[in-house]
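Here is a short report on selected local features of one protein chain. Look at the model first, then read on.

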Amino acid sequence: MSAKTIGYVGLGIMGMPMAKNLVDAGYPVVGHNRSRDPVDELVEYGGEGAGTPREAAAKADVVITCLPDSETVEEVVLGDDGVADGLDDGEAVIDMSTISPPVAEALADRLVQKGIHFMDAPVSGGESGAIEGTLSIMVGGDEDVVDDHNDILETLGETITHCGESGTGQITKACNQLVVSGMIEVVAEGFVFAHQAGADLDAVYDAISGGSCRGFVMDHHGTHMLDGDHEPGFYSSYMYKDLSYAVEAAKEYGAPVPTTAVTHELYKSTIESGYGQEKNTAVIKVLENMAGGIDVGGDS
Ligand SMILES: NC(=O)c1ccc[n+]([C@@H]2O[C@H](COP(=O)([O-])OP(=O)(O)OC[C@H]3O[C@@H](n4cnc5c(N)ncnc54)[C@H](OP(=O)(O)O)[C@@H]3O)[C@@H](O)[C@H]2O)c1
């Protein structure tokens, strides 16, 4: 059986390396992006370009979207010249963006009415995970449909979890974001605390990252904070967006999320202070300002 042709819409920090990994794995890939340069880059890499989401979809068996937010995904999939207009009956959309869980469920319903399958398949693992093909992918959708597309998912990630029906991938991702954002924020608090106490920050890092604080957030985000390196990666504005979805969904599901509500506010301040396009570690700058304008990482 020949490889499925994949339409890929949204060739940004995450989408571009994922699309390239699909090309490397032998899939024909037809890419579309709002700005043209990333499309040209994909064509140079061995893909094909498309002028609209509909054109990419018309040439494909399955379309992957990796876009900023719920509104953009709805527009690209269901809007004029959208993906749904280009796909045939029985073909599929895999949305790898982080969007609101209820919006993912509604999208699935709308597409089913058009005879198109939908999987919400948000990811965790960051830009490095996208480049290395080691992402954790959280998939919501019909089991048979997910099984049919496992070859694609396994090209992009290392941990593929079928979480349940449509929307459950985004519920899982919201859970991921509320956990990881709290961890990032509290690592920042720890470093600001140590700085204010006059401690040697390198010694603090070495000691606590070797003990019960050991882990990806301390190693990765903690190091970036101490180095004053807030290059994205993952924009602070996207973390705020993800937490907005999580807090909103928590209200709907009746889940108390008091710590996430505070983290959400701190990311709002991160954006309002002008750091929205910096990595999600820039939340430490809000705490630095609250401490009177200190500079833990020597980056300002
Ligand atoms: N970065 C991470 O570490 C990470 C990790 C996990 C999940 N995510 C999620 O993955 C998604 C993408 O993140 P990212 O970091 O790759 O974002 P990004 O770099 O901003 O990429 C988004 C891409 O979508 C394109 N786009 C925007 N609107 C469009 C439209 N209407 N039609 C076609 N293309 C459009 C943008 O094009 P332009 O060039 O015109 O802006 C850009 O290339 C987000 O939902 C994010 O929350 C990101």
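This is a predicted model: local features need pLDDT of at least 70, side-chain atom pairs count only at pLDDT 80 or more; totals for chains, interfaces and linings use all residues.

## Helix H2 and beyond

Residues are numbered from 1 along each chain as its sequence is written, and side-chain values use heavy atoms, with hydrogens and water left out.

Helices (H or I, at least four residues) and strands (E, at least two) are DSSP runs, numbered from the N terminus. Buried means under 20% relative accessible area, exposed over 50%, and partly exposed in between (1.4 Å probe, protein chains only).

H2 spans residues 37-45, and Pro 38, Val 39 and Leu 42 are buried in it. They cover an arc of only 105° around the axis, which puts them on the same side of H2. The arc is that of the directions from the helix axis to the C-beta atoms. Asp 37 and Glu 44 are exposed on the other side of H2.

The cover over the buried residues of H2 includes these elements:

| Element | Residues |
|---|---|
| Helix H1 | 15-24 |
| Strand S2 | 29-32 |
| Strand S3 | 48-49 |

Now a loop. Gly 115 lies between helix H6 (101-113) and strand S6 (117-120). Gly 115 counts as partly exposed because its relative accessibility is 25%. Leaving aside neighbours within four places in sequence, Gly 115 is in contact (heavy atoms within 4.5 Å) with Asp 89, Gly 90 and Glu 91. Gly 115 and Asp 89 are 26 residues apart in sequence, and 5.0 Å apart in space, C-alpha to C-alpha.
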